[in-house]
Amino acid sequence: MRYDSDLLYRPPGEWKSYLLQCTIGCSHNKCTFCAMYKSKKFRVRPTAEILEDIDMAKDYYGPGLKRVFLMDGDAIIIKTDEMIQILRKLYDTFPKLEKVTIYAGPRSTLSKSKEELKALHDAGLSRAYLGVESGSDAVLAAVKKGCTAAEMLQAGQNLVEAGIDLWAIIIMGLTGQDGDWEEHILSTARMINEMKPRHLSAMTFAPAKDTPLGDDVLAGRFKVRTPDEILEECRLLLEHLDVDPLHFTSNHASNYLPLKGSLPEERDKFIGLIDQALEGKIRLRKTLNRGI
C-alpha cells in the first residue's frame, strides 16, 4: 500500500478497516484545535492511482476484505463521478465488502447536491464521520471551523437524508473556563436533535502542540476546563439529547470517564455514573497527553 507519510489518521471505530488514501491532508485545515494534517498540503490523488492501490490491497489482504476507510480528511470532496468509480472498484474487487466509510467536511458536503450524496450512498458509501464540534456559532467561529451552525446542520441533514449512516463528533471543553460553556452544550444538543445522526461521539478538548489553541493554552490565554467541569458538560448534554435511537460514545482517549451505549435507554445510567464521579466515588482516568 502507498501512503504519503507515516501520519495516518482514522476514526477509532475503523481500526479493522483497510485505509485507502484518496486525499492528502484536509481541504480546510484551519481548525485551531487540530494538529492532524498541519504538515500536509491538501490535494486529491489521481483516480488511476487510487484504483491501482485497490488492486495492491487485494494482493495484500486477499478478496475477503470487509471494511474500507477512505483517507485522509475530507475525501468526500472528490468529484462525485470519480468517487463512484472508486466505490464500484472496491465492491467489485472485494465481494465480501460490507462498509466503506469517510471523513466528511461540512463545506465539502454542502458542495454536493442531495442527488449526488444519494448517488454516493447507492454506490456503497456507508458512513460519514462529521466533525460537528459545536452547535454554537460563536464557538465554531472561535475555532475557525469554516462554517456557521446553520451550514453544519444542513450538511449533516443532507447526509442523513441521502441514507448515509452519520457519525457526528463534538468536543466538550471548547469554550475554556472563561467562555459560555452552557450555550456551547445546549446549542450542540439542539443541533444533534435536529440533525438526527445514528451515532454521536462526545470527545474532550486536549491541547495539541503547534496548534493555535495549544499556543493559547501555553500562553495562558485559554484556560482548559477541569475534569469536573467537563463532566458537568457531559451531564448537561445527556439531559438534552432526544435522538432515538442514538449510539452514544464518550470513551475516546481524551475523555475522563468512558461512556458507551444507547440513548435514551442508558441516559439515567450514564448520568448516575457522572454523578458518582463528581462525588469522587469513581476514579477518573488520565486523558491523552498530546505534548503540551
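Predicted model: local features only at pLDDT ≥ 70, side-chain atom pairs only at ≥ 80, totals over all residues.

Visitor: How many cavities of 30 Å³ or more does the structure hold?

Guide: A cavity is a space where a 1.4 Å probe fits but cannot get out. The structure holds 1 cavity of 30 Å³ or more. The largest cavity has a volume of about 50 Å³.

Visitor: Which residues line the largest cavity?

Guide: The lining consists of Met 172, Thr 204, Ile 230, Leu 231, Cys 234, Ser 250, Asn 255, Tyr 256 and Leu 257.

Visitor: How should I read helix H9 itself, and which of its residues are buried?

Guide: The general idea is that an α-helix has 3.6 residues a turn, so residues three or four places apart point the same way. In this structure, H9 has 14 residues and reaches 20 Å from its first C-alpha to its last, close to the 20 Å expected. The buried residues of H9 are Ile 230, Leu 231, Glu 233, Cys 234, Leu 236, Leu 237 and Leu 238. Among the elements that cover them are S7, S8, S9 and helix H7 (181–195), and strand S10 (260–263) and helix H10 (267–278) are also included.

Visitor: What is the volume of the largest pocket, and which residues are closest to its centre?

Guide: A pocket, unlike a cavity, is an open set of points. The largest pocket has a volume of about 1,200 Å³. It is lined by 50 residues, of which Cys 34, Met 36, Tyr 103, Ile 169 and Met 203 are the closest to its centre. The elements that give two or more residues to this lining include strand S5 (99–104), helix H3 (106–110) and strand S6 (127–133). The lining divides into 25 nonpolar, 16 polar and 9 charged residues.

Visitor: What is the case for Cys 147?

Guide: The closest cysteine sulfur to that of Cys 147 is also in Cys 31, at 8.5 Å, and therefore too far for a bond. Cys 147 is buried, with a relative accessible area of 9%. By this rule, the count of disulfides comes to 0.

Definitions and conventions:
Residues numbered from 1 in each chain as written. Heavy atoms only, no water. 1 Å grid on protein atoms, 1.4 Å probe; cavity = no way out; pocket = protein on both sides within 12 Å on 5 of 7 lines; lining within 4 Å. Points joined across faces, edges and corners; volume = space filled by probe spheres on them. Helix = DSSP H or I, 4+ residues; strand = E, 2+ residues; numbered from the N terminus. Nonpolar A, V, L, I, M, F, W, Y, C, P; charged D, E, K, R; others polar. Expected span 1.5 Å × (residues − 1). Buried < 20%, exposed > 50% of the residue type's maximum accessible area, 1.4 Å probe, protein only. Contact = heavy atoms within 4.5 Å. Disulfide = S-S within 2.5 Å.
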